[in-house]
Amino acid sequence: MSRVSLTVIDPGDNLLITALNAQLSAWDVASVDVDDNNVRDEGIDARNLVNNAVVPTSSGFRTCEPYEYDGDITDASPPTTNTLMDDGTDPIAIGPIDYDGDAGDMLIVRCSTEVKIGVNVTNAFAGYFMLRYSLDWDGTVAGAGAATWVNLLTTLRVLRINGTEFNLVPAFTSYTVSHLFDTAGVIDSATLRFALWAYVDWVTTAPTLVLSDPSMHATLMRR
Amino acid sequence: MGTDTTDFVASGTASKVAIDSRFDDIERYLNGGIVSADLQASAWAGARHLVKPRFFGAPAPRVTGTTFDVHWRGELSYNRDARSIHHGIYGLDDYVPVRNTGGTFKCRTTTTFQILTSAYAWTSGGDMRDNIYALATNDVEQRLAGTFAIFVNGSRRAGTRRRLWAAVCYSSAPYTPEWSAKKQITSITQVTLSAGVHDIEVRVKPVTPTLNNDAAPTTALDWKHIWVEGRTMVAWGHHG
């Protein structure tokens with residue numbers, strides 16, 4: 001608490017030394033304890049503050065631990081139902097993102113990978129790629145099957161080749177999505193994990209499915 | 001250090017000069033004399049004190065943010081046709097910058113950047129056919145032309161490589177290109193940078209073109225040129 005409160009000297013009063021000293025002393029005391037009472041709303045530019053000087057410290061933006069994989073994730077015979085894509089050690093997932101009870105945080109989730117389907121395919125095929133999230137997944141490949149997953153349908157992307165003209169031609173593309181995820185009504189205090197799932201439909205021969213150099217990261221915006 | 005006004009001596013006389021001196025001290029303090037030692041040691045600056053960032057569109061009403069800077073660069077006139085063109089250089093086996101996808105900037109403090117790049121690219125000048133009348137479909141997109149990646153301070157970021165494959169085939173006379181696959185080149189990365197000057201850019205590593213001996217009636221290279229068009233790069237940095 002730092003607020004200067006001066007005793008007004010009215011016209012006609014005797015100007016006593018003690019009155020002057022009281023006024024100057026009020027300045028001296030207040031001037032070494034500047035706090036929030038001395039700053040108007042929106043009077044501080046955050047660029048003048050050291051990191052985390054703002055209270056509450058949980059407010060604002062922060063980043064989650066990113067996932068980056070330098071190499072190929074190959075599935076020689078991809079299934080026709082949603083499958084968790086993993087590099088053999090770690091699944092493609094971000095997080096865990098732990099909440100401390102503040103429901104309603106906003107997340108921006110980004111995921112990118114190179115996709116290749118081929119070359120064994122001898123007819124039309126379509127590859128499907130989509131982000132899903134889970135509140136009970138333990139973060140391991142083995143535990144993915146037992147977890148409950150929710151599709152983020154707006155992140156569904158399809159790589160499709162129709163017709164025999166494209167026989168034996170592999171198909172390449174980049175899959176990149178950015179998804180705004182509102183946790184309000186979804187999660188209060190739990191661990192939220194995202195992962196990339198994929199599957200391929202084909203007509204006659206199973207193609208290979210290769211994801212190269214996948215990466216994923218997220219930004220948390222706390223209200 | 002706060003103000004340091006000496007008390008007047010009791011029963012003494014407060015002269016004009018003495019009063020002016022003390023008020024000058026207060027004036028200097030308020031006019032820029034406040035130092036960090038004068039601030040209350042415990043955290044006290046609340047969100048209400050901070051200049052708010054400006055959002056245009058969601059989620060503006062629901063985020064507690066603090067002041068930030070936006071630095072941007074735009075390609076001249078945002079011209080989609082201002083292509084970056086790369087050629088097969090024999091013996092070159094390294095990444096070279098893709099024009100107008102690099103930026104140098106200075107971080108005031110440790111800052112985490114999330115980078116997203118996007119463009120589309122294709123090859124030209126090559127011929128992947130097997131013979132004059134048949135498309136060499138089993139060769140298309142099986143010979144590498146170049147690899148794109150995001151670089152930060154000269155180092156390639158893991159998980160950002162995107163490949164471009166030779167994909168041009170010519171039909172029979174009059175030998176017009178029948179195949180030419182244009183590809184999205186998109187990738188993301190996240191990196192934490194220290195205070196100081198840093199570089200972010202997209203680079204491409206063209207491979208040395210090779211002869212496609214199957215291309216009749218004469219041999220041809222599998223590719224000659226890489227075209228990169230519609231390039232964008234967004235690097236969003238935040239600290240604290």
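Two strands pair if DSSP finds at least two bridges between them; strands (E, at least two residues) and helices (H or I, at least four) are DSSP runs numbered from the N terminus. This is a predicted model, in which local features need pLDDT of at least 70, side-chain atom pairs count only at pLDDT 80 or more, and totals for chains, interfaces and linings use all residues. Residues are numbered from 1 along each chain as its sequence is written, chains are lettered from A and ligands numbered from 1 in the order written, and side-chain values use heavy atoms, without hydrogens and water.

**Exercise 1.** Determine how many bridges join β3(B) to β9(B), and in which direction the strands run.

Solution. Start with β3, residues 111–124 of chain B. Its link to β9(B) consists of 11 bridges, and the two strands run antiparallel. Then take one residue: S118(B) has T186(B) in β9(B) as its bridge partner.

**Exercise 2.** Give the strand order of the open sheet in chain B and explain why β1 and β9 each have a side without a neighbour.

Solution. The order of the 4 strands is β1-β13-β3-β9, with antiparallel pairing. β1 (84–87) and β9 (183–193) of chain B are at the edges with a single partner strand each, so one side of each lacks a neighbour in the sheet. From one strand to the next, the twist averages 30 degrees (angles from 0 to 180 degrees between N-to-C directions of axes fitted to C-alpha atoms).

**Exercise 3.** Identify which elements of chain B have the lowest and highest mean pLDDT (the predictor's confidence in each residue, from 0 to 100).

Solution. The lowest mean, 62, belongs to β8 (residues 177–180) of chain B, and the highest, 96, to β5 (residues 155–156) of chain B. Chain B as a whole averages 78, with 73% of the residues scoring at least 70.
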